[in-house]
Amino acid sequence: MINQAGKTIPLTVVGGFLGSGKTTLINRILQSDRAGRTAVLVNDFGSVNVDERMIAAAGGQTIALTNGCVCCSIGDDLTEALIRVSEMHPVPEWIVIETSGVADPRQIAQVGVVDPILVVDGVMVLVDASTVEAHMEDSRIADTVLRQIEAADMLILNKADLVGSADITRLRSWLSRVVPEATIHVAMDADIPWELVRSPDVARSVKPRGRVPDQCVKLATTMSAGPVEHDHIYATWTYETSRDLSRDKLRLLLDEMPPHVLRAKGLVRLESEPAVETIIQFAGHSRALKSSGRAAPDVSRIVFISTSEDADFAAIRELLLTAEC
Ligand SMILES: Nc1nc2c(ncn2[C@@H]2O[C@H](COP(=O)(O)OP(=O)(O)OP(=O)(O)O)[C@@H](O)[C@H]2O)c(=O)[nH]1
């Protein structure tokens, strides 16, 4: 890949399970006046790239990787997007990839390692302190969560507001046993000091570990042939309507979400505030309906994700039909 300025571009991969706080971190980064020209590549698991719209609203240059989970289509979509980014005018000073919540971030970082234009700054992985233990107890998803944690150069133990200090101590100690090489930072709303995100000293601590370059060439050549497929583990369903929705009914849905739903998010138009877009969020104990401040969409869309085995969205559909005004 030739970049017209002939310079290398630092690349950071932000990973972590569904709803752990990746978009929150990236929006925080983009809102900093120290972000410079940052290009963000976003990959959502689900048919609607909700994150792309949320991140674009925060002021970043975004490219959505729409072809399913990025580590399942790594050879094509991601490489193409990286070429587009390196050809941007002016050239970005930093590239951040937000992986989907089911992706293995280290596989994605390896694409950067084999590209001479990119210098991989490291892999940051968000961990939801309020749900990670439950996820590790579910044999269907524990492997996804563990791979993500093991991929980290820096772990952000997020959502500290939702657990007690004893939980934080226990989780910290567990994480440091799982990945002794990673630095661990406790956070609320993914709020970590800028120095940890970008300072050169800290960047050294998030450099890919020694074993990665040894493996990367082999992995990069084999990945498009045999990536980890997520479709058989996770299922998504998207609800769409052009009618206004009732806030009370959506609130009820958030309060009574069937336990198999791992994640739901969407951009909707409410009957009570039809001019503005409302963001609906469900991620374990984080549940919210809040205005984005942007114009309301013509079509409201909400994406639901669960494990494939449990993927029965009929009850949710019923409730949503009663929410249509
Ligand atoms: N209580 C609480 N909620 C948080 C915290 N960090 C993020 N959230 C909320 O958790 C929800 C999910 O956050 P996102 O940043 O969208 O998570 P994500 O990892 O990008 O989600 P996916 O891309 O869908 O995997 C949102 O409603 C956030 O506002 C936190 O520290 N505490």
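**Entry 1: the core.** Which residues have the most contacts inside the largest nonpolar core? I looked this up in a predicted model. The residues with the most contacts there are Leu41, Ile95, Ile149, Leu155 and Tyr234, in a core of 47 residues.

**Entry 2: the whole chain.** I recorded 12 helices and 12 strands as the secondary structure of the chain. The chain has 325 residues, and I find that 55% of them count as buried. I also looked at contacts with a separation of 6 or more; 77% of these in the chain are between residues 24 or more positions apart.

**Entry 3: helices H11 and H12.** I turned next to H11 (residues 247–255) and H12 (residues 314–323), and noted that their axes lie 8 Å apart at an angle of about 160°. Angles over 145 degrees count as roughly antiparallel, and H11 and H12 are therefore roughly antiparallel to each other.

**Entry 4: the contact between them.** I listed the residues on each side. H11 supplies Lys249, Leu250, Leu252 and Leu253; on the H12 side they meet Ile316, Leu319, Leu320, Thr322 and Ala323. I sorted the residues of this contact into 7 nonpolar, 1 polar and 1 charged.

Key:
Residues are numbered from 1 along each chain as its sequence is written. This is a predicted model: local features need pLDDT of at least 70, side-chain atom pairs count only at pLDDT 80 or more; totals for chains, interfaces and linings use all residues. Side-chain values use heavy atoms; hydrogens and water are left out. Axes are lines fitted to C-alpha atoms, for helices over the stretch in contact, and angles run from 0 to 180 degrees between N-to-C directions. Helices (H or I, at least four residues) and strands (E, at least two) are DSSP runs, numbered from the N terminus. Angles under 35 degrees count as roughly parallel, over 145 as roughly antiparallel, 65 to 115 as roughly perpendicular and the rest as oblique. Contact means heavy atoms within 4.5 Å. Ala, Val, Leu, Ile, Met, Phe, Trp, Tyr, Cys and Pro count as nonpolar, Asp, Glu, Lys and Arg as charged, and the others, Gly among them, as polar. A nonpolar core is a set of buried Ala, Val, Leu, Ile, Met, Phe, Trp, Tyr and Cys residues joined through side-chain atoms within 4.5 Å. Buried means under 20% relative accessible area, exposed over 50%, partly exposed in between (1.4 Å probe, protein chains only).
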